[in-house]
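Open the model in your viewer and keep the selection panel at hand.

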Protein chains: 2
Amino acid sequence: MIPANALLLTDFYELAMLEAYYAQGMEEEAVFDFHVRALPPGYGYLVAAGLAQVLEMLRDARFSDEELAWLRDSGRFGDDFVDYLSGFRFAGSVDAMAEGTVFFPDEPVLRVTAPMPQAQLVETRIINLLQYQTLVATKASRCVSAAPDKLLVDFGLRRAHGAEAGLLAARASWLGGFAGTSAVLAGPRFGVPLYGTMAHSFIEAHDDEMAAFERFARARPDGLVLLIDTYDTEGAARRLPELAGRLARDGISIHSVRLDSGDLAEHARRVRRILDDGGLSSVQIFASGGLDEHGVVALLADGAPIDGFGIGSKLDTAADSPYLDCAYKLCEYAGTPRRKHSEHKATWPGRKQVLRHYDARGRMTGDRVQREDEPAGDGELLLRRVMDHGEIVAPLPTLAESRAHCAAQLDRLPPALRALDAAPSYPVEISDRVRALAREADVRIEEHQRAGGVWRPSS
Amino acid sequence: MIPANALLLTDFYELAMLEAYYAQGMEEEAVFDFHVRALPPGYGYLVAAGLAQVLEMLRDARFSDEELAWLRDSGRFGDDFVDYLSGFRFAGSVDAMAEGTVFFPDEPVLRVTAPMPQAQLVETRIINLLQYQTLVATKASRCVSAAPDKLLVDFGLRRAHGAEAGLLAARASWLGGFAGTSAVLAGPRFGVPLYGTMAHSFIEAHDDEMAAFERFARARPDGLVLLIDTYDTEGAARRLPELAGRLARDGISIHSVRLDSGDLAEHARRVRRILDDGGLSSVQIFASGGLDEHGVVALLADGAPIDGFGIGSKLDTAADSPYLDCAYKLCEYAGTPRRKHSEHKATWPGRKQVLRHYDARGRMTGDRVQREDEPAGDGELLLRRVMDHGEIVAPLPTLAESRAHCAAQLDRLPPALRALDAAPSYPVEISDRVRALAREADVRIEEHQRAGGVWRPSS
């Protein structure tokens with residue numbers, strides 16, 4: 001069976017265009033940018049994520065024998081073209097922002113430079129990988145802003161959209177500042193710290209709730225978290241001091257209780273009181289159930305004595321903005337700058353760089369999208385060469401390093417941009433030379449269209 | 001590298017509970033139900049999807065050597081327990097609704113019966129697989145209701161959440177009634193028909209738009225769709241009759257033009273007029289760009305002469321309801337019915353079946369959730385045995401058969417439930433014997449809790 005992340009996981013039109021390019025021998029160098037057109041409502045910034053997966057995909061991009069056999073047998077492509085695809089490799093270069101970098105609309109986050117067919121075929125998967133992790137890393141960072149001193153854990157695997165989404169959400173949320181995830185595979189794959197408690201089924205499978213707790217505690221004594229809302233939350237809490245005493249004699253301590261239903265703030269207050277009255281003030285309260293950054297803020301504003309949050313469905317599905325208005329667009333072919341100017345979807349042509357400026361305290365003051373060859377002055381260049389001739393240039397940062405980079409980036413953001421709603425916009429200037437290039441590209445197209453006799457300036 | 005769909009793609013707590021069950025030798029038979037608690041706002045029904053992937057996962061469920069090595073080396077589990085996991089197999093049974101069946105809240109869609117550890121470990125992935133495909137199949141069927149006579153194609157791969165989501169969205173949307181997908185891999189994997197046009201980059205890479213069209217047409221003459229909004233939509237349309245004449249001399253005809261930006265209704269009307277005036281009334285108009293069932297309805301209500309729609313981001317991310325309020329819940333262990341009664345999350349205990357009633361014209365009139373051993377009368381039993389002792393009982397329906405089943409199901413739905421908004425609810429009765437079982441389970445728990453001295457009826 002062809003795996004889900006095979007090179008054939010692409011849009012049909014990519015192959016159709018490749019066949020047309022092949023027929024014409026159009027293999028000159030193309031430059032594509034991945035950028036976002038607009039921030040999700042209420043968002044002040046985005047966090048770049050997913051680059052490592054893009055680079056691995058490009059490095060390993062080949063059609064397997066099974067894929068080639070299907071292409072051949074499908075009757076949809078010429079044999080010569082399929083033979084040509086059998087030699088497909090990505091041999092281009094990539095310049096990109098480091099994972100964890102904050103960025104804004106209109107800024108190229110990643111630039112691919114390669115012979116046209118190579119740069120085109122990978123469009124679909126590049127968007128697919130960058131968009132999702134960027135959404136989750138950004139949302140995770142917003143949760144961290146909402147509850148900077150709390151333990152935040154990704155619980156979303158079960159409601160993520162498929163296997164890869166759950167796995168990459170665990171990666172991206174840790175990158176964005178979470179403490180860890182419940183998704184086990186993110187441990188071996190990415191080194192993300194793992195967290196887990198118990199399910200209601202464990203309690204229900206026993207006849208007595210306290211017996212269930214005790215058995216679990218003796219089997220898994222470390223970092224013990226007890227789920228207390230299966231039947232009667234406060235009732236369970238009242239029985240914990242006795243259980244805690246029994247466990248303490250064997251050196252086992254209860255780390256936390258978990259609430260997963262009902263009015264979390266009200267239960268947390270009552271449970272806190274019961275635990276404190278019972279001498280269990282060191283036992284923490286961990287809450288979950290339909291939360292996101294807004295839910296967390298509301299609970300904390302309500303004074304809920306909660307020490308940690310499991311954040312699941314809304315994080316892993318980026319529920320408030322499940323997709324980004326983003327694109328991977330041609331900006332140069334065969335040495336000539338290119339752009340489309342479809343309504344509301346016009347793009348900036350040419351090879352571009354993003355320059356970032358800071359004030360004396362190291363806080364970001366504004367970005368500038370400029371041509372690659374414009375001087376940097378005292379700004380910081382955000383796009384770096386990460387792949388050359390299809391090979392990753394230098395060891396990629398570890399995920400822990402990217403996570404630290406992300407935290408540092410967030411510290412340098414103007415604080416108002418970290419607000420959860422109605423954030424002001426961050427200044428992103430388009431350089432005069434980029435604007436001039438756009439006019440050049442328009443004039444060139446206009447002349448060609450006029451030659452065709454029907455050009456009208458687009459609205 | 002451990003693949004994304006490995007058995008380790010589970011929540012940490014599943015493994016923690018398994019270790020506790022292992023320590024206690026708790027391996028008696030457990031019964032779990034997958035069900036949905038509530039319909040997404042405005043939805044009148046759901047379409048069951050994802051069963052085939054669940055059954056394949058259960059059939060093949062094993063820890064690989066690489067996974068076992070990680071479990072052993074992680075220091076988080078006892079060696080004996082990891083040895084035990086090395087022999088893990090799913091040897092239980094599954095009863096389920098056929099894919100394509102419409103269903104409603106509180107109805108078990110799938111029931112797993114297996115020794116507790118087997119039934120528990122697979123919880124996360126069962127929810128992960130069923131939830132997402134159900135969302136997409138349902139949304140696709142709503143798009144079909146919105147535009148029953150139009151060509152509907154899934155274009156969402158690039159904005160789907162990862163590889164598996166894009167692939168399964170292609171599958172689920174075809175199941176729900178779409179004509180096909182742009183996601184190539186869904187061809188070899190699932191036999192879904194493939195559609196594709198061209199990207200703006202193809203046009204931009206040429207100096208002249210018509211030259212780009214003509215070259216594409218000669219390389220890929222079948223089912224030719226031309227993307228005409230790169231620069232000036234109507235301008236491009238006006239040049240098509242001449243191009244069409246030139247192509248016709250070589251037996252090539254233009255099947256459609258595609259619009260992807262701006263006011264789609266207005267452009268479609270203008271382009272339709274231009275094409276008709278130019279003798280191209282057989283050329284169809286295909287539109288895409290931020291559409292879902294509501295967008296399609298609005299365009300058609302506006303009289304837009306559009307023949308087909310590419311539906312992407314909002315479909316593949318189920319944007320209006322990116323996750324379902326759903327659960328996989330223990331309903332029996334060791335022969336005793338079980339339920340939780342967490343606030344707003346109480347579940348029905350015991351082995352249940354869903355009975356569906358029809359009127360004389362074959363239209364659905366109401367469902368009844370009853371105990372498995374209650375008589376069926378003249379109703380239709382929706383849960384069928386599909387896996388026994390870990391083996392798939394009989395060849396699963398092909399996806400085309402499931403798609404036909406879905407269409408037949410939708411025909412039998414009360415028409416009001418197919419409305420896109422504010423649908424009335426469909427009657428789902430819980431049988432007296434199921435209710436009695438719930439009371440029994442409550443009394444049993446109450447007695448145990450009372451024995452602990454702190455029981456209070458939960459609110």
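Two residues are in contact if their C-beta atoms, placed from the backbone, lie within 7 Å. Select both sides of the contact: 98 residues come from chain B and 98 residues from chain A. On the side of chain B that touches chain A, helix H1 (residues 12-24) of chain B gives the most, with nine residues. Colour that side of chain B by type to see 46 nonpolar, 30 polar and 22 charged residues. Here Ala, Val, Leu, Ile, Met, Phe, Trp, Tyr, Cys and Pro count as nonpolar, Asp, Glu, Lys and Arg as charged, and the others, Gly among them, as polar.

This is a predicted model, in which local features need pLDDT of at least 70 and side-chain atom pairs count only at pLDDT 80 or more, while totals for chains, interfaces and linings use all residues. Residues are numbered from 1 along each chain as its sequence is written, and chains are lettered from A and ligands numbered from 1 in the order in which they are written.

Next, select the open sheet of chain B, six parallel strands in the order E7-E6-E11-E10-E9-E8. Strands E7 (180-181) and E8 (224-227) of chain B are at the edges with a single partner strand each, so one side of each has no neighbour in the sheet. Helices (H or I, at least four residues) and strands (E, at least two) are DSSP runs, numbered from the N terminus; strands pair if DSSP finds at least two bridges between them.

Zoom in on strands E10 (residues 284-288) and E11 (residues 308-311) of chain B, which run parallel and are joined by three bridges. Ala287(B) has Phe309(B) in E11(B) as its bridge partner.

Finally, show chain A, with its 16 helices and 19 strands. Its C-alpha trace spans about 85 × 60 × 40 Å along the principal axes.
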